[in-house]
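Student: Could we go through this model together, one question at a time? I'd like to start with how charged side chains pair up.

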Amino acid sequence: MTSEKHQKKIAVINDLSGYGRCSLTVVIPILSALKIQCCPVPTSILSNHTGFPTYFFDDYTDKMPQYIEQWKKLKLSFDGIYSGFLGSEAQIQIVIDMIKEFRTEETLVIIDPIMGDHGKAYQTYTPEMCNRMKELVGYGNIVTPNLTEACILTGREYREEGFKRGVLGQMAAEIQSLGPESVVITGVKEGSFVTNVVLEKDGGPHFIRTRHVGNERPGTGDVFSSIIAAYAVRGVPLRDGVRKAANFVKECILKSDELNVPVENGVCFEELLSLLIRH
């Protein structure tokens, strides 16, 4: 039995990019602000994210099983397992094995199936990896694809705008049929708004929108999914978590534009963490 004094813990599988505000350098402070202990499993180490013209990269795939093995020996447990960017089929399998090892009836699994953006899969993502990601998605309680990733998962042709809500609901249902209880399709453009499509186990899809502001920036998906993961583990209803995440990302974009933060530097969420700490 979990006591009221138990602090929630989430094991986070993602890369560590030293500069540029994405992946673990976003996830750790966001979860901490929301009173969650973040337990990282690094998939790779980068000097900065790959949107910059040059970067150092160290693949951690071969070390991940040894790293996770120590957690098994220590009999660690987690309230959540949250998977972000994965760089190979081998890493996808490692995450599947980790979920099987550490999941209990109380563990929530959040999968952010980071495969692409703007209608294209990332260069590192082969068709085989995309198929394996479908398998991993099946292990999630909550999955958070963007529109590009939702199209990849459902085999649909991408277009930047113009999807009817009925089709978006069908896409969410098709992703749900892969196994997850809940699906959040993020960042759908609808005129001057950005809409998130939320489909849970019971009932039809819900469309939660915020006004589109400022420049598109790297790392906003990491901010969004981290907030959803934290609130879900804390027992906050998913739709409420999505609203809070969307509003926070909007405020971060506005603040970053106000401070003239270069687009490749992501969002200066640090300026606004107090908005999360209050909750």
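Tutor: Happy to! A salt bridge here is a side-chain nitrogen of Lys or Arg within 4 Å of a carboxyl oxygen of Asp or Glu. This is a predicted model, in which local features need pLDDT of at least 70, side-chain atom pairs count only at pLDDT 80 or more, and totals for chains, interfaces and linings use all residues. Residues are numbered from 1 along each chain as its sequence is written, and side-chain values use heavy atoms, with hydrogens and water left out.

Student: Which residue meets R217 in a salt bridge?

Tutor: R217 lies in the loop between β11 and α7 (220–233), and its partner sits in helix α8, so the pair ties together parts that are 40 residues apart in sequence. Helices (H or I, at least four residues) and strands (E, at least two) are DSSP runs, numbered from the N terminus. The N to O distance is 2.8 Å, and the partner is D257.

Student: Is R217 buried or exposed?

Tutor: The cut-offs decide this: buried means under 20% relative accessible area, exposed over 50%, and partly exposed in between (1.4 Å probe, protein chains only). D257, at 23%, is partly exposed. R217 has a relative accessible area of 6%, so R217 is buried.

Student: How many residues apart are R156 and E174?

Tutor: Their side chains form a salt bridge with an N to O distance of 2.7 Å. R156 counts as partly exposed at 23% relative accessibility, and E174 does too at 32%. R156 is in the loop between α5 (147–154) and α6 (165–176) while E174 is in helix α6, which puts them 18 residues apart.

Student: Which residue forms a salt bridge with R239?

Tutor: R239 is in helix α8 (residues 238–258), and its partner, 39 residues apart from it, is in the loop between β10 (193–199) and β11 (206–211). With the closest N and O atoms 3.2 Å apart, the partner is E200.

Student: How many salt bridges does the structure hold?

Tutor: Besides pairs, there is a network of salt bridges that links E160, K189 and E216. For the whole structure, the number of salt bridges is 11.

Student: How many charged residues line the second largest pocket?

Tutor: A pocket is an open set of points on a 1 Å grid over the protein atoms alone, where a 1.4 Å probe fits, with protein on both sides within 12 Å along at least five of seven lines; lining residues have an atom within 4 Å of a point. This one holds about 160 Å³, and its lining includes E181, E200 and K201. Asp, Glu, Lys and Arg count as charged; Ala, Val, Leu, Ile, Met, Phe, Trp, Tyr, Cys and Pro as nonpolar; and the others, Gly among them, as polar. By class the lining has six nonpolar and two polar residues, and the charged ones number three.

Student: Which residue's backbone oxygen does the side chain of H49 reach?

Tutor: H49 lies in the loop between β2 (37–46) and β3 (57–59), and is buried at 8% relative accessibility. Leaving out residues up to four places away in sequence, H49 touches (heavy atoms within 4.5 Å) several residues, among them S17, Y55 and P218. At 2.7 Å, the side chain of H49 reaches the backbone oxygen of E264.

Notes
Points joined across faces, edges and corners; volume = space filled by probe spheres on them. Polar contact = N/O pair within 3.5 Å; in protein donor to acceptor, adjacent residues only side chain to side chain.
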